[in-house]
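Below are some notes for a colleague who has not looked at this structure before. Please read them with the model open.

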Amino acid sequence: MAEHGDLLLSVLSSIRVPRPGDRVHKDECAFSFDTPESDGGLYVCMNTFLGFGKQHVERHYQKTGQRVYLHLRRTRLPKVDDGSSGAGDPPKKKPTRLAIGVEGGFDVEGENFEYDEEVKVVILPEHATIPRESLSLMPAAACDRVTASVDGLLAADSASRKQEIQAWDGEVRQVSKHALNLKQMDNDVRIPPCGWKCTRCDLKENLWLNLTDGSILCGRRYFDGSGGNNHALEHYKQCGYPLAVKLGTITPDGAGE
């Protein structure tokens, strides 16, 4: 185990702790269909966060020189019914939106099996293996950083899961180029929390808040004559202020239409 500690110290500078914006590929190999449930498990590079099956991890090491991988291997087991579930359980919430794994969407947690998971740190080319529970026996300098990286990788949503959630939530959202240099006027406009209406026609539905000058105006008129009166679009053509958000769609985490 002392040899493993020396090895870990020698590669410590290459081990990264994942940040919120990092994409962690821990569900499937980049070159094959290997997953943590495959015979050889999945090796996640602790620097690039890319995942590789047993047949491809050596290639990645030889090409990049990255030596440290988190080895994930899961075995699916039938879930044991402890008799605690029954008529007294509260009913499941009915989905209110076409989405998976998000508030109001379909719940994917109610599976009839559970996993036995093995988590190890593997150092190439020696194939030195350190079980997660043995990290505490490593030198303190290595233990803290490696443990933080392992915990971060295990806790992070995988790249494929993030993509699935975005796809099922209607669209993949991107930051508008206009948001990078958004100018907001200091014109003493105050937006009330409710009771909105278009400042030109008094419509109270399909309203858009211009993010530059604070104007509240109605949206497009639909082909059948319903919707708005195009006042938000006309305002853009007149003033050139490009960004607006639909009132009633802004959420606490910043999402909006």
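**Notes on selected contacts**

1. The side chains of Glu37 and Tyr115 make a polar contact at 3.2 Å; a polar contact is a pair of N or O atoms within 3.5 Å, where within protein one must be able to donate a hydrogen and the other to accept it, and residues adjacent in sequence count only if both atoms are side-chain atoms.

2. This is a predicted model, in which local features need pLDDT of at least 70 and side-chain atom pairs count only at pLDDT 80 or more, while totals for chains, interfaces and linings use all residues. Residues are numbered from 1 along each chain as its sequence is written, and side-chain values use heavy atoms, with hydrogens and water left out.

3. Glu37 sits in the loop between α1 (2-10) and β1; helices (H or I, at least four residues) and strands (E, at least two) are DSSP runs, numbered from the N terminus. Its relative accessible area is 33%, so Glu37 is partly exposed; buried means under 20%, exposed over 50%, and partly exposed in between, with a 1.4 Å probe and protein chains only. Leaving out residues up to four places away in sequence, Glu37 touches Arg74, Arg76 and Tyr115, where contact means heavy atoms within 4.5 Å. Glu37 and Glu117 are 80 residues apart in sequence, yet their C-alpha atoms are 9.2 Å apart in space.

4. How many salt bridges does a search of the whole structure find? The search finds nine; a salt bridge is a side-chain nitrogen of Lys or Arg within 4 Å of a carboxyl oxygen of Asp or Glu. Glu37 forms a salt bridge with Arg76, and the closest N and O atoms are 3.4 Å apart. Because Glu37 lies in the loop between α1 and β1 and Arg76 in strand β3 (residues 68-78), the pair ties together parts that are 39 residues apart in sequence. Arg76 is partly exposed, at 45% relative accessibility.

5. Another salt bridge joins the side chains of Arg67 and Glu126 (3.0 Å, N to O). This pair links distant parts of the chain, 59 residues apart: Arg67 is in the loop between α2 (57-64) and β3, and Glu126 is in the loop between β4 (113-123) and β5 (128-131). Glu126 is partly exposed, with a relative accessible area of 41%.

6. Asp202 and Lys197 also form a salt bridge, with their closest N and O atoms 3.9 Å apart. Asp202 is partly exposed at 48%, and Lys197 is partly exposed at 44%. Elsewhere, salt bridges that share partners join Arg16, Arg19 and Asp22 into one network.

7. Is Asn47 buried or exposed? At 18% relative accessibility, Asn47 counts as buried. Asn47 is found in the loop between β1 (42-45) and β2 (51-52). A polar atom of its side chain lies 2.9 Å from the backbone oxygen of Ser14. Not counting residues up to four places away in sequence, Asn47 touches Ser14, Arg16 and Gln66.

8. Helix α3 (residues 140-155) has 16 residues and spans 22 Å from its first C-alpha to its last, close to the 22 Å expected at 1.5 Å a residue; the expected span is 1.5 Å times one less than the number of residues. Buried residues in α3 are Ala142, Cys143, Val146, Ser149, Val150 and Leu153. Seen down the axis of α3, these fall within an arc of 145°, so they line one face of the helix; the arc is that of the directions from the helix axis to the C-beta atoms. The buried residues of α3 pack against α1, β1, β3 and β4. On the other side of α3, Ala140, Ala141, Asp144 and Ala155 are exposed.
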